[in-house]
Each structure stands twice: as structure tokens, then as C-alpha cells.
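User: I would like to learn how to read local features in a model. Please take me through one structure step by step.

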Amino acid sequence: MAILAFVLLFILYRRGNEELLGSVAFSGIAAGVFGLIVFFQSAEDAEESGFIAAAIPGVAELQASLGIIDAKLDSIAEDTQSLRESAARLEDNSAQVLRTLEEMRENFASGGLIDKPRSPEDYYHNARLQELGGDYSAARRSYISYFRSDLPLLDPHLRFLAFLKVQEGTAGARETYTTLMAGKEGGMPAYVRLLLLPAPQRVMALETYAEQHPQFAPAYYHLSEDVSARRLGFQTFADKRTEQRYLQKFQTADEAGGLLKHIIDQSLVEEWRNDAAARLQALNGLGEGVLENPVSLSFGVNNSGYTVTVGIAEPALEILWNVQGSTEPRSTGDSGAINPQTGKPMPQMFFTLPASQRDTRLEIRYRDIKGVVQGPYSFEFKGKQQSEDANQRILESTTTSWVSFRDYEGKRLLYFTHLMSYRGSIRNIQYGLNSAQPNKNFRFKPWNKAGMAPIDAKTPMYITVPRSTDYVTVQLTYKSGEQSAVQRFDYPG
């Protein structure tokens with residue numbers, strides 16, 4: 001500012017304003033003095049912020065604010081980079097097992113021993129080849145070296161167990177494996193130790209493990225093996241139901257990726273999958289609903305009441321029944337025969353109900369070959385309906401007895417006695433004389449109650465037909481709405 005004043009006054013002085021000479025001289029001296037003072041005072045600050053910022057406070061504050069923003073932006077950039085690096089490390093860790101698994105598969109398929117094994121896949125590759133080659137001592141060392149990695153892969157442990165059983169027997173394999181895996185309470189060693197337990201404890205332990213690790217497919221496969229026919233020799237239906245449930249859970253977990261990521265050897269994966277599919281198909285082929293309810297009932301009717309025949313789709317040691325809500329179940333008793341499948345006595349396969357039995361529900365239980373009581377299985381009992389069904393079954397199985405001819409006192413009679421005994425299931429009877437198609441109705445009083453239809457003096461038993469009748473055809477319409485086939489009966493003479 002002093003310099004500007006000096007220049008202005010100097011210009012005016014040169015134009016003839018000599019009275020301004022003193023002001024010009026003063027301005028020049030002031031510009032020089034104050035310029036030197038500002039220069040020396042701001043030199044140190046100017047090294048960081050410049051001469052303008054050092055001389056003018058507002059500029060310095062603006063520079064400071066911009067500096068803070070730059071610092072914050074730098075900090076955010078650093079944090080963002082740190083997050084990216086962390087995410088990359090997590091991704092690397094997640095993919096590590098998968099990469100190792102793929103490397104193992106590639107090495108296993110490549111063939112040939114690896115001279116200087118370094119990675120877990122190298123050791124496992126060598127262990128398998130040494131085992132197959134009969135070098136069991138080297139194979140054991142390679143297996144032990146592999147297990148130092150603690151990878152979550154199952155089949156090396158299973159192969160090692162099989163290897164140990166061949167060398168040391170089941171008890172020795174259990175002891176050796178437990179000793180080698182001492183201190184490893186989690187991961188695959190913890191699961192494999194469950195497979196070494198005796199059968200009852202093993203099943204309970206595997207069930208608990210499966211509940212805690214529902215996506216771990218091998219647990220369901222091993223559970224299904226424990227109740228399979230090849231493991232048990234003889235399966236009850238309860239065993240089959242359990243096997244079916246475990247196989248379904250195995251397939252579900254496998255589809256969700258719970259098998260392949262734990263197995264190196266692809267042939268083992270396919271072996272398990274094919275075996276599970278075949279066993280499940282066999283179980284499903286037993287018939288719709290038979291695994292859930294292997295019991296069936298059929299009813300016969302007679303003058304004293306009902307005979308209830310029990311059908312069970314597997315051998316049983318005892319059959320128990322009761323009317324729902326009544327006393328304790330009663331046994332049907334022993335038939336006195338020996339079941340050739342089990343070598344044990346067969347139970348009586350039927351029981352009776354009185355003719356006065358009201359509509360109710362029947363409960364059936366049975367003791368399977370292991371002595372375990374299965375059931376109860378509940379069935380509806382309706383006396384009238386059961387009588388109709390029973391009579392219809394009897395008529396369909398005795399078609400040759402529906403009618404009969406008889407010559408008496410010069411007349412030819414056609415008897416319907418058999419049909420009248422089971423008329424409780426018949427809505428209509430049609431017959432035809434010397435006609436392929438029935439065209440006449442035999443009239444009778446229907447029987448609409450439960451039990452056998454009584455035969456009394458009012459019951460029509462026969463009709464008189466022309467002596468020229470050589471044959472008769474008969475067709476029944478049942479109360480169920482079904483029609484029987486047309487039956488032909490020839491005069492025996």
C-alpha cells in the first residue's frame with residue numbers, strides 16, 4: 001500500500017505539483033520500512049503457508065480448513081483400502097479349503113508319488129498310493145503328516161480307519177486313532193471318534209451331532225447305514241422308516257452342498273449317492289403308506305357277530321387289540337404255528353366282536369421281531385358298512401352258488417337261497433331265463449341292519465320257471481353301487 005501511494009504521489013509531483021514532494025518522500029520511506037518489517041516477520045510462517053497466507057490471517061485460516069478436509073479425505077481413503085484388504089483376506093480364507101480340495105483331487109488323479117511332499121494334499125496323495133502299493137509303514141507316516149493340517153475333509157479319516165482296521169483290527173484301530181487325535185476336540189476327528197463307538201452309543205451320538213450340524217450330509221448317511229438291512233441283517237418296519245427318513249435328509253443336505261465339500265475322492269461321493277438312491281427307491285417301492293401303517297383289517301360277518309382278521313406287513317410276535325376307550329389291549333393269543341422267517345411262534349391273526357357291537361374305533365398294536373410294541377393303529381368300525389362289505393366279498397367269491405335248479409313234483413324250481421343269506425349287501429337281483437342278458441327282477445325284502453340277514457318264513461327262497469328253461473343268467477347290483485358280472489347257470493339235466 002505504501003508503494004502504491006508512493007507511485008501515485010510521484011506521478012502527481014511530476015505533473016507540476018511540487019507541494020507534494022514531502023508526501024512523496026514520506027511514502028517512499030514508509031514503503032521501504034514497512035515492507036522490510038513484514039518480510040522478516042513472515043519469513044518463517046511462509047515456509048509452510050506462503051507469504052500471502054502468513055501476512056493475511058483470513059487466507060491462512062482458509063488454507064487450514066482446506067488442509068483439514070484433505071486430511072479427512074486421506075483418512076477415509078485409507079479406511080476404505082483397509083476394508084477392501086480385509087474382505088480380500090476373508091475371501092482368500094474361505095476359498096482356501098476349496099482350493100486345497102481341488103488340488104488334492106487333481107493330485108490324486110495324476111498318479112505317481114510326490115518326492116518332496118510339502119502340502120496336505122501331497123501327503124494324502126502319497127498315503128493312498130503307498131497304501132495301495134503295500135508300503136504300510138510309509139503310508140502311516142504320510143497319513144500322520146496329513147492330519148497335522150486339520151482340514152475339514154472326511155474321507156482321509158475314513159481311509160485311515162479302514163487302513164488301521166486291516167493292520168490292527170477294530171479294537172486296535174480305535175485305540176490308535178484315539179491316541180493320534182488326542183487334543184483335537186473339534187473338526188473331523190471329533191466326528192470320526194463317534195463312528196468308533198459301539199452301535200447303540202454311536203447312533204445316539206450321531207443323532208445329536210446331526211441335530212447340531214443339520215447340513216453335514218455324511219452324518220445322515222452313516223445313520224442310515226446303522227439301520228440298514230446290510231448292517232442289521234433283518235429290518236423291522238420301524239428300522240425301514242428310520243432308514244428312509246435318514247436317506248431323505250442325506251439327499252437334502254447333499255443338494256445343499258453338505259457332502260461334496262467334505263470329500264476328496266469323487267468315486268466315494270458317487271458311491272454314497274448311488275447307494276442312497278437305490279435304498280430309498282426300494283423303500284419307496286414297498287407301497288403307498290405301508291411304512292407308516294403296516295396294519296390292515298378285514299371283517300367277516302356271521303350269525304354270532306364279526307370276525308376281524310389282522311394283516312401285518314412284517315413278522316409279529318404278538319397282536320394286541322382293544323376297542324378305543326375300553327380297557328387295556330388284549331392279546332389275540334398264540335396260533336400254535338411257527339413262523340418260518342423268524343423261527344418263533346406266530347400269533348393268532350384274528351379276533352371276534354359280538355353282533356351287538358356298536359360303531360366305534362378299534363386300536364391295533366403288535367410286537368415286532370425285536371419285541372418292540374408298534375402302534376396303536378386306529379381303524380373305524382361301522383357294523384352296517386362292515387356287514388355289507390363282508391357280504392359283497394363273500395358273494396364275489398362264491399359266484400357258482402348264487403342260484404340252483406331243482407325239479408319237484410313236476411315243477412322246475414330256481415332257488416335264490418344263497419343270495420338271500422347275504423342280501424344285506426344287495427340292492428337288486430336280475431335274472432333271465434334262456435336269455436344272455438338278465439331282464440327280470442327277483443323281488444325280496446331288503447335287509448338294512450348290521451350283521452347277517454335272517455332267513456325266515458317270509459323270506460322268498462325260490463321261483464317256479466318253465467320246464468323248458470335250459471339256463472338262467474343272474475346279475476347283482478350291490479348297495480355300494482357296483483354291478484357284478486353276469487353269471488350263467490345251466491340246468492344240470
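User: Is Arg 488 buried or exposed?

Analyst: Start with the scale. Buried means under 20% relative accessible area, exposed means over 50%, and partly exposed is in between, with a 1.4 Å probe and protein chains only. Arg 488 has a relative accessible area of 52%, so it is exposed. Arg 488 lies in strand 16 (residues 487–490). Helices (H or I, at least four residues) and strands (E, at least two) are DSSP runs, numbered from the N terminus.

User: What kind of model is this, and how are residues numbered?

Analyst: This is a predicted model: local features need pLDDT of at least 70, side-chain atom pairs count only at pLDDT 80 or more, and totals for chains, interfaces and linings use all residues. Residues are numbered from 1 along each chain as its sequence is written, and side-chain values use heavy atoms, leaving out hydrogens and water.

User: Which residues does Arg 488 touch, not counting those up to four places away in sequence?

Analyst: Contact means heavy atoms within 4.5 Å. By that test Arg 488 touches Tyr 471, Val 472 and Thr 473, with residues up to four places away not counted. The C-alpha atoms of Arg 488 and Tyr 431 are separated by 9.5 Å, and these two residues are 57 apart along the chain.

User: Is Leu 283 buried or exposed?

Analyst: Leu 283 is buried, because its relative accessibility is 7%. Leu 283 sits in helix 13 (residues 266–284). Beyond its neighbours within four places in sequence, Leu 283 contacts Lys 240, Glu 243, Gln 244, Leu 247 and Leu 291.

User: How do I check the length of helix 12?

Analyst: Compare span with expectation. The expected span is 1.5 Å times one less than the number of residues. Helix 12 (residues 237–255) has 19 residues and reaches 27 Å from first C-alpha to last, close to the 27 Å expected. Just after helix 12, Gly 257 takes a positive phi of about 90°.

User: Which residues other than glycine have a positive phi here?

Analyst: The general rule comes first. Most residues other than glycine have a negative phi, and most peptide bonds are trans. Glu 409 has a positive phi near 50°, and Asn 434 has one of about 50°. Glu 409 is in the loop between strand 10 (404–408) and strand 11 (411–415). Its relative accessible area is 66%, so Glu 409 is exposed. Asn 434 is in the loop between strand 12 (426–433) and strand 13 (440–442). Asn 434 counts as partly exposed because its relative accessibility is 35%.

User: Which peptide bond is cis?

Analyst: The bond from Gly 375 to Pro 376 is cis, with omega near 10°. Pro 376 lies in strand 9 (residues 373–381).

User: At what angle do helix 6 and helix 7 cross?

Analyst: Axes are lines fitted to C-alpha atoms, for helices over the stretch in contact, and angles run from 0 to 180 degrees between N-to-C directions. The axes of helix 6 (residues 136–147) and helix 7 (residues 155–180) cross at roughly 95° and come within 11 Å. Helix 6 is therefore roughly perpendicular to helix 7, a label for angles of 65 to 115 degrees. Residues in the contact include Tyr 143 and Phe 147 of helix 6 and Phe 160 and Leu 164 of helix 7.

Conventions:
Angles under 35 degrees count as roughly parallel, over 145 as roughly antiparallel, 65 to 115 as roughly perpendicular and the rest as oblique.
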